[in-house]
Amino acid sequence: MISTKGRYALRVMIHLARENSDNCIPLRDIAEKEQISKKYLEIIVKELVSAKLLTGISGKGGGYKLSRAPEDYSVGEILEVTEGTLSIVACLVNGAEACPRADGCDTLPMWSELNQIIHDFFYSKKLSELL
């Protein structure tokens with residue numbers, strides 16, 4: 001399930017893509033227009049800046065802007081920054097310990113297929129398509 005954090009991150013990214021400006025947009029403006037708590041957005045944009053999806057500038061004239069063009073972002077990368085893994089089951093998370101039951105797991109092929117469908121879907125969608 002995608003949480004509000006992931007959904008709000010997408011809304012912020014769409015908002016900034018719509019602005020399509022070299023100028024930074026203050027967080028309070030984004031919060032007001034998107035009707036999202038500024039305090040909650042501070043947490044989200046901090047993660048997006050850390051992942052280099054956004055550029056943040058402090059002080060007068062500061063705010064946030066996209067680090068690259070909207071068509072260069074996939075929805076999948078935005079969601080993974082804020083949600084963590086998109087894997088449907090724990091045994092398929094990258095870096096997870098090998099499951100001792102994997103060889104005899106009757107459901108693993110189904111989970112693997114669904115995992116791939118979800119990954120391919122979100123990574124094929126570009127931020128620019130959501131505008």
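Me: What is the N to O distance where the side chains of Glu 42 and Lys 38 meet in a salt bridge?

Reply: This model is predicted: local features need pLDDT of at least 70, side-chain atom pairs count only at pLDDT 80 or more, and totals for chains, interfaces and linings use all residues. Residues are numbered from 1 along each chain as its sequence is written, and side-chain values use heavy atoms, leaving out hydrogens and water. The side chains of Glu 42 and Lys 38 form a salt bridge (a side-chain nitrogen of Lys or Arg within 4 Å of a carboxyl oxygen of Asp or Glu). Their N to O distance is 3.2 Å.

Me: In which helix do Glu 42 and Lys 38 lie?

Reply: They are four residues apart, about one turn of the helix. Helices are DSSP runs (H or I, at least four residues; strands are E, at least two), numbered from the N terminus. Both residues lie in helix H3.

Me: Is Glu 42 buried or exposed, or partly exposed?

Reply: Buried means under 20% relative accessible area, exposed over 50%, partly exposed in between (1.4 Å probe, protein chains only). Lys 38, at 39%, counts as partly exposed. Glu 42 has a relative accessible area of 35%, so it is partly exposed.

Me: Which residue meets Arg 11 in a salt bridge?

Reply: The N to O distance is 3.3 Å. This pair links distant parts of the chain, helix H1 and helix H2, 23 residues apart.

Me: How many salt bridges does the structure hold?

Reply: Arg 68 forms one with Glu 77, the closest N and O atoms being 2.5 Å apart. Arg 68 counts as partly exposed at 30% relative accessibility. The structure's total is four.

Me: Which residue takes a positive phi in the hairpin of E1 and E2?

Reply: Strand E1 (residues 54–57) and strand E2 (residues 63–66) pair in the antiparallel sense over four bridges (pairing takes at least two DSSP bridges). Ile 57 stands opposite Gly 63 in E2. Five residues lie between the strands. The one with phi near 85° is Gly 59.
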